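Have a look at it with me before reading on.

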Amino acid sequence: MNRRVLKWMTYVPEKEYEINPQTIALVAKQEDGGQVFTEVMETDEHFFIPKCPRDIIDRSCRYFASSLEGRIAGTKQLTGYTHKPPIVISEAMGIYFFPIISPKRKDCSWIAHKYIRSYKGEPNKTTTVQFANGDSINLPVSDGMFANQVQRTAHLRVILEDRFHPASVVADNRAERIAETFS
């Protein structure tokens with residue numbers, strides 16, 4: 001592993017990690033030899049785990065009594081999304097993530113929907129995402145694709161909130177649940 005990359009972050013070789021309400025993103029990184037590992041971004045710290053993001057997502061889904069495959073199948077059933085579907089890891093905790101490329105790939109990074117403050121496309125067809133805690137990241141996807149993933153995740157959240165919360169509560173909160181486009 002290129003240790004220069006790790007200067008400002010902690011490398012946690014054996015940490016068993018579950019996504020939690022402070023998790024902002026799981027960013028795929030690749031060693032010189034091709035091994036994929038994860039930069040975990042939380043609201044107050046960043047660290048590396050020697051597993052690919054997909055494995056961490058699956059472990060977290062299993063912690064909440066499902067699996068990544070089960071969550072993807074559930075999203076497809078509810079929304080009809082067949083490519084790069086967003087998932088709920090814990091509806092009760094409001095933990096929704098979306099992939100930036102195919103979730104089948106080990107190098108797929110995952111972003112927590114609730115922490116996105118803004119994003120903008122860059123001239124090199126990447127997207128810079130600004131998070132609510134002030135951190136930012138540049139992702140190798142277009143801003144149009146990123147906007148689509150944000151919108152699809154908002155749609156999934158609305159569907160699940162309608163199913164899990166009584167109609168009177170949903171009606172009272174409808175103005176807060178409108179999916180808006182960031183710019």
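I looked up the aromatic pairs and found that the structure holds 5 (rings of Phe, Tyr and Trp, its six-membered ring, with centres within 6.5 Å; planes under 30 degrees apart are stacked, over 60 edge-to-face, the rest tilted). I keep in mind that this is a predicted model, where local features need pLDDT of at least 70, side-chain atom pairs count only at pLDDT 80 or more, and totals for chains, interfaces and linings use all residues. Residues are numbered from 1 along each chain as its sequence is written, and side-chain values use heavy atoms, leaving out hydrogens and water.

Next I noted Tyr 119 and Phe 146, an edge-to-face pair with 4.9 Å between centres and 65° between planes.

**Around Phe 146**

I checked burial here: Phe 146 has a relative accessible area of 0%, and Tyr 119 counts as buried at 6%. Away from its neighbours within four places in sequence, Phe 146 is in contact (heavy atoms within 4.5 Å) with residues including Ile 111, Ile 116 and Leu 139.

**Cysteines**

How many disulfides does the structure hold? I found 0 (a disulfide is a pair of cysteine sulfur atoms within 2.5 Å). The closest cysteine sulfur to that of Cys 108 is in Cys 52, 9.5 Å away, so it is too far for a bond.

Key: Buried < 20%, exposed > 50% of the residue type's maximum accessible area, 1.4 Å probe, protein only.
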